[in-house]
Amino acid sequence: YISSLPRQVREFYEQLRPEGTCRLTLEVARRSGDERPEVSGRLDIINGRFLYSKFPYPLREVTGRIEFGRDPGGGADRVEIRQIRGRGIENGPNRNAVITLDGDIGPLGPNTGVSVTVAANDVSSEETLRQAFPPEVRKALSIFDPAGKGEFPKYRGKFTCHIVRPVGERTPWSFDTDVTL
């Protein structure tokens, strides 16, 4: 089934590498016999796991919704990520922490734009989480390990990471991250 989806949806799927249980609702409409069908739908995540390539922290017990299809306002295909919530690594210090994702991807095509926010309000220091942050954030956190031995102080805090790629050809990704300890 995945191979039959539009290229941009397949690429998004590959960036998430999802597993788990979901409910998929599809609508296929063709205005006339010689036109390409329009496909839209909703994926309700019931209990999932995934690792988003742009913020590679594994999430489990994931719930939420992904909607896709033609944007009624602009007419282009898009993907909407709504209230995705998951927990941290099962045996890690963030096993009960809730990490959220919300955002939009589109218009789908060669110049696709992305605006996704990853956030958590009560997380603990954890090497896997530190490695998921963009390089600039990892560099800023390195001031707490001046000897470079990986001996970071323990902390609790919150973060918000805005992942953006403006619509356009070869536009650069940006990762605006706020960490409050």
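**Close-up views of a predicted model**

In the predicted model, Leu-101 has Val-118 of S6 as its bridge partner.

**View A. Strand S5 pairs with S4 and with S6.** Strand S5 spans residues 98-105. S5 and strand S6 (residues 114-124) are joined in the antiparallel sense by seven bridges. Strand S4 (residues 77-87) also pairs with S5 in the antiparallel sense, over seven bridges. Between S4 and S5, Val-79 has Ile-105 as its bridge partner.

**View B. Strand S5 has a covered and an uncovered face.** Ile-99, Leu-101, Gly-103 and Ile-105 make up the covered face, whereas Val-98, Thr-100, Asp-102 and Asp-104 make up the uncovered one. In a regular strand, side chains alternate between the two faces of the sheet. Leu-101, on the covered face, is the residue bridged to Val-118.

**View C. Leu-24, Leu-26, Val-28 and Val-39 form a nonpolar surface patch.** The patch amounts to about 330 Å². Its largest share, three residues, is supplied by strand S1 (residues 19-29). Val-28 belongs to S1; this residue is classed as exposed because its relative accessible area is 59%, and the threshold is over 50%.

View D. The Arg-165 side chain reaches the backbone oxygen of Thr-171 at 3.4 Å. Apart from neighbours within four places in sequence, Arg-165 is in contact with Asn-111, Thr-112, Gly-113 and Val-114, as well as with Arg-170, Thr-171, Pro-172 and Trp-173.

Key:
Residues numbered from 1 in each chain as written. Predicted model: local features only at pLDDT ≥ 70, side-chain atom pairs only at ≥ 80, totals over all residues. Heavy atoms only, no water. Patch = residues over 30% accessible without salt bridge, like charges linked within 9 Å, V, L, I, M, F, W, Y side chains within 5 Å. Areas by Shrake-Rupley, 256 points an atom, 1.4 Å probe, with all protein chains shown as cover. Salt bridge = Lys/Arg side-chain N within 4 Å of Asp/Glu carboxyl O. Helix = DSSP H or I, 4+ residues; strand = E, 2+ residues; numbered from the N terminus. Buried < 20%, exposed > 50% of the residue type's maximum accessible area, 1.4 Å probe, protein only. Pairing = 2+ DSSP bridges. Polar contact = N/O pair within 3.5 Å; in protein donor to acceptor, adjacent residues only side chain to side chain. Contact = heavy atoms within 4.5 Å.
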